[in-house]
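The following paragraphs lead the reader through one part of a protein structure. Please keep the sequence and the structure in view while reading.

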Amino acid sequence: MSETARHPGTFVTLEGGEGAGKSTQLQALARLGGASGLEVVTCREPGGTALGERLRAALFATAEGETPPAPAAELLVFTAARAQLVSEVIRPALERGALVICDRFADSTVAYQHHGRGLDAAIVEAANRAATQGLVPDVTVLLDLAPEDAFRRGERGGDYVEREDAVFHRAVRRGFLELAAAEPERWLVLDATRPEMQITHAAWERIRTRLGV
Ligand code: TMP
C-alpha cells in the first residue's frame with residue numbers, strides 16, 4: 001500500500017547490510033535532489049531525532065561480553081526511534097512536499113528482527129505499523145552485498161548487531177531479497193560491488209522517474 005496519495009512529497013529509503021555504502025549513496029542522491037531544486041531531507045535509523053539518537057546510543061552502548069538486548073527489547077527500541085522520526089521529521093517533510101531520503105526504515109526491522117533474530121513476523125509487522133502509522137516508502141533501494149564481501153571491506157565488527165555471525169547476516173540478506181522480490185514496483189536491487197557512480201546513477205534514475213522531473 002503506497003501512501004503517496006496522502007502527501008505531496010516523495011519518500012525514498014536505502015536498505016542493505018553493513019558496509020554496503022548506504023551513507024555514501026544517501027549523500028550523493030541528496031546532492032542530486034538539491035540540484036533539481038527540491039527540498040531534500042535526509043535521516044538515518046535508528047536516530048534522526050534527539051530521542052532517536054539517545055535510543056541509538058543506549059542500544060549500541062552494549063559492549064562486547066555484555067548481555068545483548070533481548071530480541072523483543074531490540075525490536076521495540078528500533079520501532080520507538082522510528083515512531084519519533086516519522087512523527088517529528090518524515091511526515092512533516094512529506095507534507096511540505098520534500099524529497100525525504102532515509103538510511104534504513106521498517107524493512108530493516110523485518111530483515112534483522114524477523115529474518116535475522118527469528119521474531120514472529122506478525123509481531124514485527126505490528127510494531128512497524130505502530131511506528132510508521134502506515135507510511136510506506138515510494139522507492140526503496142537495496143544495496144545488496146554478500147556478508148563475505150562486507151567483511152572484506154573491513155566495515156564489520158562495530159556494534160553488537162554487526163558482530164553477529166555470518167549465518168545471521170546471510171539470513172538478513174535473504175530477508176531483504178525476499179522483501180524486494182515481493183514488491184518489485186517499490187524496490188530497486190543494486191549490486192553494491194558496482195562502482196559508486198553507477199549505483200548513484202541507477203538509483204537516481206528510478207527516483208527521478210518517480211518524481212517526474
Ligand atoms: P547502521 O547505522 O550501520 O545502519 O547500523 C544500524 C544497525 O542496526 C545495523 O546493524 C542494523 C541494525 N538495525 C536493526 O537491526 N533493525 C532496525 O530496524 C534498524 C533500523 C537497524
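Is T13 buried or exposed? The model is a predicted one, and in it T13 has a relative accessible area of 0%. Because buried means under 20%, T13 counts as buried. This residue belongs to strand β1. Its side chain makes a polar contact of 2.8 Å with the side chain of T140. Beyond the neighbours within four places in sequence, the contacts of T13 include C102, F105, P137 and V139.

F105 leads on to the aromatic residues. There are 5 aromatic pairs in the structure. F11 lies in strand β1 and F105 in the loop between β3 and α4, so the pair ties together parts that are 94 residues apart in sequence. F11 and F105 are both buried.

Y112 is in helix α4 and F176 in helix α7, 64 residues apart. Both residues are buried.

Helix α4 itself spans residues 106-116 and is mostly covered, with 8 of its 11 residues buried. Among them are A106, V110 and Y112. The buried residues of α4 pack against several elements, including β1, α3, α5 and α7. After the helix comes G118, with a positive phi near 85 degrees.

Conventions. Residues are numbered from 1 along each chain as its sequence is written. This is a predicted model: local features need pLDDT of at least 70, side-chain atom pairs count only at pLDDT 80 or more; totals for chains, interfaces and linings use all residues. Side-chain values use heavy atoms; hydrogens and water are left out. Buried means under 20% relative accessible area, exposed over 50%, partly exposed in between (1.4 Å probe, protein chains only). Helices (H or I, at least four residues) and strands (E, at least two) are DSSP runs, numbered from the N terminus. Contact means heavy atoms within 4.5 Å. A polar contact is a pair of N or O atoms within 3.5 Å; within protein, one must be able to donate a hydrogen and the other to accept it, and residues adjacent in sequence count only if both atoms are side-chain atoms. Rings of Phe, Tyr and Trp (its six-membered ring) pair if their centres lie within 6.5 Å; planes under 30 degrees apart count as stacked, over 60 as edge-to-face and the rest as tilted.
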